[in-house]
Amino acid sequence: MVQDRLQQIFREIFSDDGLLVSDTMTAEDVPGWDSLAHINLIYAVEREFSIQIADDRLASFATVGDMREHIEELSGVH
Amino acid sequence: MTESGDTGVGVGPDRPAPPRDGRIAELTALAAASEIPTAALCRDLAVAHERAGDPDGAVRWALALTDTDGDLGAWSAAAGVLRRCLPAVAPLPRSARVAVLGSYTTSQFAALLPLAAARAGVAIETYECGYGQYRQEILDPGSGLYRFAPDVVVLAVHAGEAALPAVGDGPDAVVAAEVRRWTALWETIRARCGARVVQHTFAVPGEVALGHLALRTGGARPTLLARVNAELGRAAGDGVGLVDCERLAADVGKRAWFDARYWHRSKQAVSLAQVPLLARHTAAVIGAQLGVSRKCLVLDLDNTLWGGVLGEEGLAGIALGDGAVGEAFAAFQDYVVELKDRGVVLAVCSKNNDADAREAFERHPGMRLRLDDIAMFSACWDDKPTQVRRIAATLGLGLDALVFVDDNPAEREAVRQLVGEVDVLALPADPHGYVRALADYPFFETAALTAEDAARTATYRARAELAAAEAAAPSLAEFHRGLDMTATVVPLDELTLPRVAQLVGKTNQFNLTGRRRSADEIARLAADPGTAVLCIRLADRFADHGLVAVVIAVEAGDALAVDTWLMSCRVIGRTLEDEVAGLILAEARRRGLARVVGEYRPSPKNALVADLYERLGFTRMDAPDDPSEPGTIHWSRAADAPYAPPALMRVVAAAAGVDPNGADRPGVPPAELSTHVFAQTRPQDRRMEEV
């Protein structure tokens, strides 16, 4: 569930309708994932799941999987 | 000002879309289920059309998304589609090179601006200066800004950039110095490259340490900022437009406008949630600077300028001025008058008798608008797309200068489909929201207010009086089919009788004989086996219009004589009468009668149907004039002569046990149903339903 909604967000932010997200994905794997796209992504995630990600956690995400787990933790959605 | 009429990209959704693949067909069906599709649906349709190799469809849906409440993500996706597809579609009315010079992180704003600008009719190419480099770029003659050779420079700056102290001494000098800092930048831009300048004003922060005392403290920063905004407005002359960010921020709420987390994270001075709104309004001001604003507001009358249907309620029955609903319509009219005073040309587009509609303007004490506020007054029984085209042609305006306002979703849809260049504004169901709906529409923006603006309607009215041009009427058959109309014949019973009596009592225009009968009289008449009563409901994909047509006919010799035939104003022009005629002929055949005899009794209001029987293939009878009913004409038609109605709707008979007022309600005792009917037919509700 979180994975599907994340995928939709990624597709919007990177304007790539065929983008498939996976837990092991990092910023290196997605063309255009720069600091601006990162802010847009975090904003979209916070809005979509009605959560606020703390700044220290933000810095600790290494992969999309880390982000997904934290979203599940904060939102209670799985 | 005259504009070409065929250059605008229609921003309305393209229904029915050519189904290029299953995905588009599936999404189009979803979109058709509601008048304004959601942002997500617009995004999916834009993407699907792009994938299917249809850039026109992709651009149309990307632009339609800007009229929804789509967020940053949806706008970003649509902006991507637009960037890729715009080069492949017909050119927009204007194109421009736009430089965005920001004092904060404006990348999201700059990325969305081309989408918003295309919605305003301007294809733009953008340049963005380095973070916070706006002043250097303007002052350095060799900067990237000047190499870009902009037509428009947007100064996207925020309150933090105003060099104002927390509490300043000598506030007049502080304000003057700050204003001078900005106007000097405008002058430099204007002098160096001739570009127009669009500056964002300063949203005054909502956190005020001085509290309410700030207002009493001339040198307090919030007070100074408000003064700087006002002075910038005063200083902005030719070639300089302002986007009133303070107003936008106050409107959405300062808490929503500024998000400290994103300011500290990445220097977003405008919350990312509000960037689409900021882009939309900036685009409107850019459009105004380039002369592509909308110029003419086309207004429906019934349930738009007043509550109720004039043709049914009469002049005394419409809601205007008194009571909460009447005040809502009066407030809407007041707002329209203000738009007219700022130079928006007004036109009326109504299905009404011309004389009745004009009488309301001349005689109703609650009217704010006067006849001479209206450049072209179109009240007749032509379909609205035809009327809208005629209004544009008569006023010498392009269709892409028009904004159409109507409370009726089916009329709005007709105009969207058949006159795609016209902007169609969806009014909310509640008239209290009308002013807000019109105020949220930003594309009447103009670059400057002149003495001519207030007089513009008079100029256009004169033009309308001279013009005789008439645009070709579009085919309505396809639109009618798309409405997915169903006429249902329902029995006259205790549930339908109150509504039938109401229609018999008040229908004026589509009423062949004008015989008024009480509910008891109708019930007595209907009990006679020689009497046929047809009650017809009409529904389409937007609305269930309820019981809208009534026929009472009696056996007379070898004929079925139509004693009463009437239809509610709100469904005139949908070919329902042609289908009803077929039902009357079938009823005559079922009773073994040879003919149908009709009569037309003229009244001051029913000229609309004077020719109805003739049009339906009836022959005028040489009956001697009845001195008690002067002017009455009798008509006759063989019941078994071939008759072919247009068949643009389904005609069905209600199944037994179905509540004619809507949902299936098997097993509900009659008493409860009667209460249900009563609740639905309170005069106030009914009036608002008479659309």
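Mentor: The open sheet with parallel pairing belongs to chain B and has 5 strands in the order β2-β1-β3-β4-β5. Two strands are taken to pair if DSSP finds at least two bridges between them. Helices (H or I, at least four residues) and strands (E, at least two) are DSSP runs, numbered from the N terminus. The edges of this sheet are β2 (122–128) and β5 (240–243) of chain B, each of which pairs on one side only. On average, neighbouring strands of the sheet are turned by 25° against each other, with direction ignored. Axes here are lines fitted to C-alpha atoms, for helices over the stretch in contact, and angles run from 0 to 180 degrees between N-to-C directions.

This is a predicted model, in which local features need pLDDT of at least 70 and side-chain atom pairs count only at pLDDT 80 or more, while totals for chains, interfaces and linings use all residues. Residues are numbered from 1 along each chain as its sequence is written, and chains are lettered from A and ligands numbered from 1 in the order in which they are written.

Within the sheet, strand β1 (residues 94–102) of chain B runs parallel to β2(B) and is joined to it by 7 bridges. V100(B) has E128(B) of β2(B) as its bridge partner. Helix α5 (residues 107–119) of chain B packs on the sheet and touches β1, β2 and β3 (152–156) of chain B. The direction of α5 makes about 165° with that of β2(B). Contact between two residues means that their C-beta atoms, placed from the backbone, lie within 7 Å.

A UniProt annotation, "domain: BF1531-like N-terminal" (unreviewed entry), covers residues 97–286 of chain B. UniProt positions are given in the numbering used here, feature names are shortened, and annotations may be inferred rather than shown by experiment. That span is 49% helix and 14% strand, and its end C-alpha atoms lie 11 Å apart.

Chain B also holds an open sheet of 8 strands, with mixed pairing and the order β16-β17-β15-β14-β13-β12-β11-β18. At its edges stand β16 (619–620) and β18 (649–653) of chain B; each has a single partner strand, so one side of each is left without a neighbour in the sheet. Strand β11 (residues 485–490) of chain B and β18(B) run parallel and are joined by 5 bridges. In β18(B), R650(B) stands opposite T486(B).

The loop between β14 (559–567) and α24 (576–590) of chain B contains T575(B). T575(B) is a residue other than glycine, yet its phi is positive, near 70°. T575(B) counts as partly exposed because it has 18 C-beta neighbours inside 10 Å. A residue is buried if 20 or more other C-beta atoms lie within 10 Å of its own, exposed if 12 or fewer, and partly exposed in between, with C-beta atoms placed from the backbone.

As a whole, chain B has 27 helices and 18 strands. Of its 691 residues, 48% are buried. Among the contacts in chain B with a separation of 6 or more, 73% come from residues 24 or more positions apart.

Chain A has 4 helices and 0 strands, and its pattern along the sequence is α-α-α-α. The radius of gyration of chain A, taken over C-alpha atoms, is 11 Å, close to the 12 Å that the globule rule (2.2 Å times the number of residues to the power 0.38) gives for 78 residues, so chain A is as compact as a globular protein of that length. The C-alpha trace of chain A spans about 30 × 25 × 20 Å along its principal axes. Buried residues make up 23% of chain A. UniProt places the feature "domain: Carrier" (unreviewed entry) at residues 1–75 of chain A.

The contact between the two chains takes 11 residues from chain A and 15 residues from chain B. On the side of chain A that touches chain B, α1 (2–13) and α2 (35–49) of chain A each supply at least two residues. The most comes from α2(A), with 6 residues. That side of chain A divides into 6 nonpolar, 2 polar and 3 charged residues. Here Ala, Val, Leu, Ile, Met, Phe, Trp, Tyr, Cys and Pro count as nonpolar, Asp, Glu, Lys and Arg as charged, and the others, Gly among them, as polar.
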